[in-house]
Amino acid sequence: MKHLLLLLIICFTLSCKEDKGLSRMLPPIDTEDSNGLTDIDTNLTTLKYAEGFSAITIGNHKLLTIKSPWPKSEKEFKYVLISAEEAAKTTFSKDQYDGIIITPIKKLVATSTTHIPALELLGVEETLIGFPGTNYVSSKKTRTRIDNGSVRELGKNEGINTEVLLELRPDLVVAFGVDGTNKSMETIQKANIPVIYNGDWVEKSPLAKAEWIKFFGILYNKEKEADSIFNQIETSYLEAKKIASKANSKPTVLCGAMYKDVWYLPNGTSAEAQFLNDANANYLWSDTKDKGSIALSFEAVFDKAKTTDLWLSPSYYSSYEALEKSNSHYKEFSAFQDKNIYTFANTTGASGGVTYYELGMTRPDLVLKDMIKICHPELLQDYETTFFKPLQ
């Protein structure tokens, strides 16, 4: 769902940062029990990779800061998270925050399929009551709830059916935005329903994106569970990376396909390129440092990648026939001739949603293992890929 067009035309989409001085920036609060921040116990949420958010516990509440909700965002968003019991005896200056949220969340509207795996892993999927574009959801568990009416259809993310959403009265809407302009979200906020922009997709590494499960852990008072789940994912990822390092050779790799007159590829500093690097593959554009994706002509790509060993995720094409029909010159690549093209486009849920777009961000360890299986099948002989399959 999230910036779907960009995901369809590039390969696949799929640092520890200390938040210094945060407590000094917090405005004073007025509670029955406190005399100011200096007398209140504080605890900063530990993040190893994610840079787009931070959270700190201050006495009876938490302060959640979203730093990078979309690319080039110049504003930070601050939210107070507090229990209903504590909120009844605590006064906050609403002008100093972007929202005051009662936790744990009991009724949630999510807007990206990437949010759903985190809810399920934390065991709070029953709180999801609305979603725009339910056909894109792949998870069997959540699809069952959609089919029995527990999750309402809300239309499209760019134009959510606010009438239905306001009828649902969720505790929170977890949104995403590419530039911060969404009239639907403005309408929802005016109705006193909090909206938080989730910026997981803006992160620069696979593990940083996956660490946003801690964001949901904070919303549901399940920080310990979120930490444990992420630690397992991280361990699995690093173990896979170690296995890949044992490979004796590096296959050359090409990604993506043409969109209109442009071939888009992930730049060398992207999370997508990091997957290939960690899989011990030779991504031909690994030395680029462009911001965003790389835009090249067909001739430029062909000149460099004609004899590449592997071709991953040729846009949305699901078969060699469809790929050749779109551009007959594709068949001149060695990877096409040798049938060494792999795609995640054919791995879908019951209603056609692409599983990779939903689960890949939360489970980068599975994406990496897919890459290793494709690039070095001898290293994972008994492993069956989760997302990527041979092009049909």
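Modeller: Here it is; please keep in mind throughout that this is a predicted model.

Colleague: In which helix is T142 found, and is T142 buried or exposed?
Modeller: T142 is found in helix α5, which covers residues 140-147. Buried means under 20% relative accessible area. T142 therefore counts as buried, because its relative accessible area is 2%.

Colleague: Leaving aside neighbours within four places in sequence, which residues is T142 in contact with?
Modeller: T142 and P117 are 25 residues apart in sequence, while their C-alpha atoms are 9.4 Å apart in space. With neighbours within four places in sequence left aside, the residues in contact with T142 are I116, E120, L128 and V137.

Colleague: How do the rings of Y49 and F230 pair, and what is the angle of their planes?
Modeller: A search of the whole structure finds 28 aromatic pairs. In the pair of Y49 and F230 the ring centres are 6.0 Å apart. Planes over 60 degrees apart count as edge-to-face, so this pair is edge-to-face, with its planes at 65°.

Colleague: How many residues apart in sequence are the parts that Y49 and F230 tie together?
Modeller: Y49 lies in the loop between β2 (42-44) and β3 (53-58), whereas F230 lies in helix α10 (residues 223-244). Y49 counts as buried at 19% relative accessibility, and F230 is buried with a relative accessible area of 0%.

Colleague: Which ring cluster includes F298 and Y330?
Modeller: F298 and Y330 form a tilted aromatic pair, 6.1 Å centre to centre and with 55° between the planes. F298 lies in helix α12 and Y330 in the loop between α13 and α14, so their pair ties together parts 32 residues apart in sequence. Both are buried, F298 at 11% relative accessibility and Y330 with a relative accessible area of 1%. Ring pairs link them into a cluster made up of W263, F298, F302, W311, Y330 and F333.

Colleague: Which residues have the most contacts inside the largest nonpolar core?
Modeller: The largest nonpolar core has 110 residues. Not counting residues up to four places away in sequence, L64 touches, among others, F53, F77, I196, F215 and L219. Those with the most contacts inside this core are L64, F215, L219, W263, Y330 and F333.

How values were computed. Residues are numbered from 1 along each chain as its sequence is written. This is a predicted model: local features need pLDDT of at least 70, side-chain atom pairs count only at pLDDT 80 or more; totals for chains, interfaces and linings use all residues. Side-chain values use heavy atoms; hydrogens and water are left out. A nonpolar core is a set of buried Ala, Val, Leu, Ile, Met, Phe, Trp, Tyr and Cys residues joined through side-chain atoms within 4.5 Å. Buried means under 20% relative accessible area, exposed over 50%, partly exposed in between (1.4 Å probe, protein chains only). Contact means heavy atoms within 4.5 Å. Helices (H or I, at least four residues) and strands (E, at least two) are DSSP runs, numbered from the N terminus. Rings of Phe, Tyr and Trp (its six-membered ring) pair if their centres lie within 6.5 Å; planes under 30 degrees apart count as stacked, over 60 as edge-to-face and the rest as tilted.
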